[in-house]
Structure formats: C-alpha cells, structure tokens
There are 2 protein chains.
Amino acid sequence: MSDYQVAIFGLGAMGYGMAGALVRAGLKTYGYDINTDAMTRFQNEGGALGAFQDVAATLDAAVIVVVNAAQTEAVLFGADGIAVKLAKGTAVVACATVAPDFARSMEARCAELGLLYIDAPVSGGTIKAGEGTLSILAAGVPEAFEKAAPVLDAMSAKVFRLGDAAGAGSSMKAVNQMLTGVQIAAMAEAMTFGMTQGVEPAQFLEVITQCAGNSWALESRAPSIVNGDYRPLSAVDIWPKDLGIVLDIAKSAKFSAPITAAALQQYLAASGSGLGGEHDSAVAKVYARNAGLTLPKQT
Amino acid sequence: MSDYQVAIFGLGAMGYGMAGALVRAGLKTYGYDINTDAMTRFQNEGGALGAFQDVAATLDAAVIVVVNAAQTEAVLFGADGIAVKLAKGTAVVACATVAPDFARSMEARCAELGLLYIDAPVSGGTIKAGEGTLSILAAGVPEAFEKAAPVLDAMSAKVFRLGDAAGAGSSMKAVNQMLTGVQIAAMAEAMTFGMTQGVEPAQFLEVITQCAGNSWALESRAPSIVNGDYRPLSAVDIWPKDLGIVLDIAKSAKFSAPITAAALQQYLAASGSGLGGEHDSAVAKVYARNAGLTLPKQT
C-alpha cells in the first residue's frame with residue numbers, strides 16, 4: 001500500500017465500485033456516506049478506518065460521487081462541509097453530472113481555499129466503476145491533475161484531459177448524457193414499435209445489435225426489457241435530472257434540441273406514473289401502456 | 001463459375017456493390033439499371049452480357065435493389081415488368097425498404113406466377129454491400145430460401161431468417177431504420193450542442209465513441225461532419241422516406257413514436273432547405289444554422 005490517502009464521499013452504486021477500485025490500486029481509502037451500512041460494508045472490504053475530522057488534514061485527495069450539484073455543494077461547502085477541513089494542495093475530484101457553470105463556480109471556491117479542483121464526471125456505469133475501467137471526462141489545472149493522478153488512474157481505463165479549467169469535463173458529460181438518454185428511450189420506442197409489427201423483444205435484441213441501429217444504450221439496456229428485470233442499476237429518475245440539465249444549458253445557449261426534448265417527455269411520463277425508481281429501461285413501459293402491449297415478464 | 005444465374009436490378013450505391021459480391025462468389029450475374037453507364041461499367045468489371053428478355057427464362061434468381069416500393073412494383077409488375085418473363089421457381093429477392101404490407105402483397109402476386117419471393121431488406125451500408133458482408137433481414141417460404149441461398153450467402157455476413165412469410169423482414173428493417181435515423185439526427189444534435197459548450201466536433205468524436213453515448217450511427221456519420229465531407233454515400237432524402245414509412249406503419253398500429261417524429265422533422269428541415277441530396281450527416285447543418293454555429297470545412 002502506498003502512503004497516498006484518499007477519501008470518497010458517496011458509496012452508492014457508482015461510488016462503492018469506485019471506492020473498491022481505489023483500494024485495489026493500493027491507496028489508503030476512507031469511505032463516507034449518510035448510509036452507515038454502506039460505510040461499514042466498505043470498511044469490512046478493505047476501506048480504512050477513521051472519522052473524517054481526524055484524517056481530513058492528511059488526505060491527498062477527496063473524491064465526491066453524489067447524485068447532483070446540490071449534494072456536491074453540500075459535501076464541499078454545507079454546514080459540515082469538508083472543504084475548510086482539507087489541507088491546501090488537496091485534490092478535489094468531483095464526479096457528479098452537473099452544469100459546466102456549477103463546476104466553474106466550485107473550482108473558484110476551492111481555489112480560494114488552496115484546493116485543486118478537478119471537474120471529473122465519469123461514463124461507463126456501475127460495472128465499469130467496480131472494475132476501475134470508467135472513462136473520466138476531466139478538466140482542471142495541471143497541478144490538480146498531477147495531485148489526483150493516482151486516483152484518476154485507479155478508477156479509469158481512460159482519462160480524457162479536456163481542458164485546463166473546470167467546465168470542459170461537465171460540458172462533455174452533458175453531451176454524453178444527452179445522447180445516452182435519447183438512445184435508451186429511442187431503443188424502447190423502437191423495441192415496442194417492433195412488437196406492434198410482430199417483432200419479439202428477444203429477436204429485436206439479437207438482430208438489431210448486428211445492424212445499423214445498434215448503440216451502447218441498446219446493448220446495455222435492451223436485455224433488461226427482454227428479461228423483464230427492472231432492478232435499478234441506473235434509475236428512470238436519473239434522466240429527468242440529466243436531460244433537464246442538458247436542456248437548461250441548451251436554452252441558455254439558445255440551442256434547439258427537439259429530439260432530446262421528446263425523450264425527456266417520455267422519462268417524465270415514466271416517472272410521473274410511478275416508475276421513477278425502476279431501471280431506466282422501464283421507459284419502455286410507457287410505450288407499452290400507450291400501445292396496449294405486454295412486455296416480457298421476469299422468468 | 002457455377003451455372004447459377006442471377007440478374008440484379010438497380011446498380012446504385014448499394015446495388016453496384018452487391019452485384020460485385022455476386023460476381024466474386026462465382027455466380028453468373030447480369031446487371032440492369034436505367035443508367036446505362038452503370039450497366040456498361042458493371043459489364044467491364046465481370047458482369048455477364050445479355051439483354052434481359054434473352055436471359056429471363058434461364059435465371060435462378062432476380063435481385064431487386066431499388067429505392068422504394070413504387071420502383072420495386074414497377075420492376076416486377078410495371079409496363080415492362082420482369083415477373084411475367086421469369087420461369088416458375090425463380091427466386092425474387094426484394095431488398096428495398098418497404099412497408100410490411102407491401103412485401104406481403106408482392107409475395108402473393110409473385111406466388112400467383114409461381115415465383116419464390118423473399119422479403120429481404122438489408123442493413124450495413126455501401127461499404128459492406130461491396131464487401132458482401134451485409135446483414136439481410138429475410139423472410140419467405142422455405143423453398144424461396146433454398147432457391148435464393150447462393151445469392152443471400154454471396155451478399156451477406158449474416159442472413160437473419162425471420163419468418164416463413166414476407167413482411168417479417170420489412171418489419172425488422174423498419175425497426176432498424178427507425179433507430180438508425182433517430183441516432184444519426186441525435187448525434188448531430190449532440191455534436192452541435194457540444195459546440196455551444198466549447199466541445200469541438202473532433203473532440204466529440206474522439207471521446208463519445210468511448211463513452212455510453214456511442215452508437216453505430218455516431219461512428220459511421222460523425223467523421224463526415226468532422227471532415228466537412230457531405231458526399232452522399234447515404235443521402236438526407238433517404239430519411240423522410242424511411243421514417244415516413246415507419247410513422248405510417250406506427251399510425252396504422254396506433255403506436256405513438258414521439259422521438260422518431262422529432263427526428264423526421266429535422267430531416268424534413270434539411271431536405272426543405274436544399275440539403276436533400278447531401279450526405280445524411282448534413283442534418284447537422286440544420287442545427288448549426290439554427291444556433292449560429294460554423295461546422296468544420298473540408299480541408
């Protein structure tokens with residue numbers, strides 16, 4: 001084990017996997033979450049023991065893997081925020097999907113405290129998080145990259161270095177979420193349309209993955225519908241949030257995004273009809289309900 | 001060369017490549033097109049010589065690779081239609097993207113003449129057509145598959161056998177076109193949105209191909225925009241036609257397809273503003289124009 005010390009905030013589906021990747025890379029890794037069961041489980045699986053206030057000043061990096069901008073700000077600058085407790089020169093690796101302007105604001109406030117902020121949203125999902133093979137869409141000053149290097153390397157197969165200032169990472173993440181969100185909903189639209197024409201979901205999955213209609217979203221999400229398994233590895237409610245961020249930014253830039261807007265409506269219909277906590281492939285249930293179709297049941 | 005004889009109707013971007021694959025497989029291949037230059041070129045590159053009326057009765061198969069249902073019907077049953085000239089037991093391999101009901105109607109009319117119809121739309125684009133590595137989405141009676149086997153094998157890496165009656169191939173093709181059309185337009189939407197946030201098209205291509213937003217459409221079409229090259233390997237005007245077929249079928253089935261409908265509007269805006277003959281990635285020019293962006297120029 002190296003003497004590099006890192007704390008990770010947020011041990012949910014993504015953060016827990018990323019924390020494990022840090023441990024396996026030999027970094028001394030503290031894990032924190034409002035869910036104390038997750039903290040205990042992580043400590044039993046190689047996480048370091050210690051209250052944050054006792055270790056804060058010795059950390060090389062803090063990684064923040066929470067749901068959104070509000071939680072990121074709360075972790076850093078809330079009533080019990082960590083920023084003021086960290087030593088100058090500590091790297092702050094912020095992984096949530098946020099607006100580029102928010103990332104720039106966090107970078108500025110961290111810089112006032114001498115902290116090295118990296119705008120570092122990730123792509124790849126929970127499996128790649130656990131493997132330490134995410135793509136990281138990163139931006140920040142060179143000193144921040146240098147300080148955070150062991151953390152970024154441990155969590156990823158590829159670090160895209162997108163700029164010397166925060167915002168560029170979140171911009172690319174917004175682009176990626178826009179396409180991913182559209183393509184999950186488009187897959188659901190096409191699969192259920194196919195059902196009206198006698199194409200069974202399993203046949204759709206087999207054939208279209210070998211045709212021009214293929215996408216990462218299809219390969220990743222269509223099996224859930226075919227298997228009737230809507231356990232929320234990634235939930236429907238991610239998309240009203242992330243596509244909402246995208247369309248807010250687009251509106252500010254006077255950018256017309258009609259396909260993204262149409263996809264957002266389908267996720268809102270899913271969430272509004274009680275499916276928000278299900279796997280995001282459950283957006284297919286909206287299409288099925290509207291067309292009087294019966295999706296495959298879990299066997 | 002085997003003694004199997006095939007005629008291919010339509011020597012456009014797809015048909016010319018498929019004709020070459022038939023020649024390379026050792027089949028005696030006649031090529032016909034209203035463009036006599038294409039016919040002469042094909043004859044100089046291995047195509048068999050002979051007027052259709054002289055060879056019609058000796059053919060094992062006729063392959064029809066035209067633009068749409070109207071042209072398919074004209075080739076088969078128009079004023080100078082081929083169907084009545086073919087011997088009983090000849091396979092008719094119909095590759096255009098058409099509505100499933102149209103495919104069923106053609107199969108029935110061919111059956112009256114003793115012809116073995118295969119509903120055989122293809123996926124893969126012009127490069128795979130030339131390589132003989134298309135995916136064929138095929139349906140028809142077992143005798144038709146048996147008779148057409150040398151042709152199907154020569155043109156494809158994979159023949160999906162989707163049913164014993166015409167319609168199933170065209171249904172799957174409609175599903176595939178729905179997704180492909182949506183995803184080309186979504187790629188253009190995301191790439192140009194990224195430009196408003198400082199993400200350059202080349203950076204978009206490099207990064208998103210390794211993230212969750214990736215798709216066949218992105219890998220296939222984004223390079224054209226990055227390189228400013230809109231030569232029409234596949235033209236904008238394909239999509240008002242194919243997404244129109246999809247939405248007509250969807251309407252008949254009372255299926256609500258809002259994402260596909262939004263994508264169609266973008267292609268219509270491209271076609272209506274004079275871009276119909278350009279590469280379908282030129283749908284990005286609609287987004288760029290609406291947002292005051294300048295796309296990369298050809299270097």
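**Entry 1: the contact**

How many residues does the contact take from chain B and from chain A? I looked this up before anything else, keeping in mind that the model is predicted. The contact takes 59 residues from chain B and 59 residues from chain A. I then checked the buried area, and chains B and A bury about 4800 Å² between them. Of that area, 72% lies on carbon and sulfur atoms. Next I asked which three residues of chain B give more of its buried area than any other three. They are B:F193, B:F255 and B:I259, and they supply 15% of what chain B buries against chain A.

**Entry 2: bonds across the interface**

I went looking for salt bridges between chain B and chain A, and the count is zero. Polar contacts are another story: I found 22 residue pairs in polar contact across this interface, with both residues at pLDDT 80 or more.

Which elements make up the side of chain B that touches chain A? I listed those that each supply at least two residues: the strands β7 (134–138) and β8 (156–161), and the helices α8 (168–196), α9 (201–208), α10 (216–226), α11 (238–252), α12 (258–275) and α13 (283–291). The largest share comes from α8(B), with 19 residues. I also sorted this side of chain B by residue type, and I got 36 nonpolar, 19 polar and four charged residues.

**Entry 3: how the copies are related**

I laid chain B on chain A, and the RMSD came out at 0.0 Å. The move was a turn of 180° with a shift of 0.0 Å along the axis. Why does that matter for naming the axis? Because this is the relation of a two-fold axis. I looked for the C-alpha of chain B nearest the axis, and it belongs to B:S215, 1.9 Å away from the axis. The same surface serves both copies, as 100% of the contact residues of chain B recur in chain A.

**Entry 4: a salt bridge inside chain A**

One I wrote down joins the side chains of A:R104 and A:D101, at 2.8 Å from N to O. Both residues sit in helix α5 (residues 100–112) of chain A, three residues apart, or about one turn of the helix.

**Entry 5: what the record says**

I opened the unreviewed UniProt entry, which annotates residues 5–163 of chain A as "domain: 6-phosphogluconate dehydrogenase NADP-binding". In the model this stretch is 43% helix and 22% strand, with its end C-alpha atoms 26 Å apart. The unreviewed entry also gives a "transmembrane region" for residues 6–27 of chain A. I looked there too: residues 6–27 are 55% helix and 18% strand, and the end C-alpha atoms are 7 Å apart.

How values were computed:
Residues are numbered from 1 along each chain as its sequence is written. Chains are lettered from A and ligands numbered from 1 in the order in which they are written. This is a predicted model: local features need pLDDT of at least 70, side-chain atom pairs count only at pLDDT 80 or more; totals for chains, interfaces and linings use all residues. Side-chain values use heavy atoms; hydrogens and water are left out. Copies are superposed by least squares on the C-alpha atoms of residues with pLDDT of at least 70 in both. Contact means heavy atoms within 4.5 Å. UniProt positions are given in the numbering used here, feature names are shortened, and annotations may be inferred rather than shown by experiment. Helices (H or I, at least four residues) and strands (E, at least two) are DSSP runs, numbered from the N terminus. Buried area is the accessible area (1.4 Å probe) that two parts lose on being put together, summed over both. A salt bridge is a side-chain nitrogen of Lys or Arg within 4 Å of a carboxyl oxygen of Asp or Glu. A polar contact is a pair of N or O atoms within 3.5 Å; within protein, one must be able to donate a hydrogen and the other to accept it, and residues adjacent in sequence count only if both atoms are side-chain atoms. Ala, Val, Leu, Ile, Met, Phe, Trp, Tyr, Cys and Pro count as nonpolar, Asp, Glu, Lys and Arg as charged, and the others, Gly among them, as polar.
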